[in-house]
Amino acid sequence: MIRHLVLFKLNDGVERDDPRVVEGVEAFRSLGGRIEELRFWECAWNISDRPIAYDFAINSAVDDADALKRYLDHPAHQAGVALWREFATWVIADYEF
């Protein structure tokens with residue numbers, strides 16, 4: 001299996017209650033039940049106030065590299081990415097477990 005982790009940092013001046021952010025969070029929260037390749041799905045706001053912390057996290061798992069590609073290319077995932085691109089940056093890590 002492959003773990004797919006994503007950490008998002010809101011752009012300067014963007015707050016969690018910004019309507020764009022609310023829409024982006026909802027778009028990602030809904031993916032777990034919409035994309036069959038996902039074997040595990042969770043996402044949530046960070047609760048740490050440390051200055052190096054990111055703001056929002058996605059923790060997911062898929063069966064293999066082909067499933068990861070299908071997930072990444074899925075229209076619902078791409079729609080969520082397009083929303084987040086407007087107000088955040090992110091880092092990812094994909095690893096086998």
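Which residues of helix α1 (residues 19-29) are buried?

Author: This is a predicted model, in which local features need pLDDT of at least 70 and side-chain atom pairs count only at pLDDT 80 or more, while totals for chains, interfaces and linings use all residues. Residues are numbered from 1 along each chain as its sequence is written, and side-chain values use heavy atoms, with hydrogens and water left out.

In α1, the buried residues are Val 21, Gly 24, Val 25, Ala 27 and Phe 28. Buried means under 20% relative accessible area, with exposed over 50% and partly exposed in between (1.4 Å probe, protein chains only). Helices (H or I, at least four residues) and strands (E, at least two) are DSSP runs, numbered from the N terminus.

Viewed down the axis of α1, the buried residues fall within an arc of 160°, so they line one face of the helix. The arc is that of the directions from the helix axis to the C-beta atoms.

These buried residues pack against β1 (2-10), β2 (40-45), β3 (56-62) and α3 (75-85); contact means heavy atoms within 4.5 Å. On the α3 side, His 77 lies in that helix and counts as buried at 8% relative accessibility. Not counting residues up to four places away in sequence, His 77 touches Phe 28, Leu 31, Ile 35, Tyr 71 and Leu 72.

At the start of α1, a side-chain oxygen of Asp 18 comes to within 2.8 Å of the backbone nitrogen of Arg 20.

Key: A polar contact is a pair of N or O atoms within 3.5 Å; within protein, one must be able to donate a hydrogen and the other to accept it, and residues adjacent in sequence count only if both atoms are side-chain atoms.
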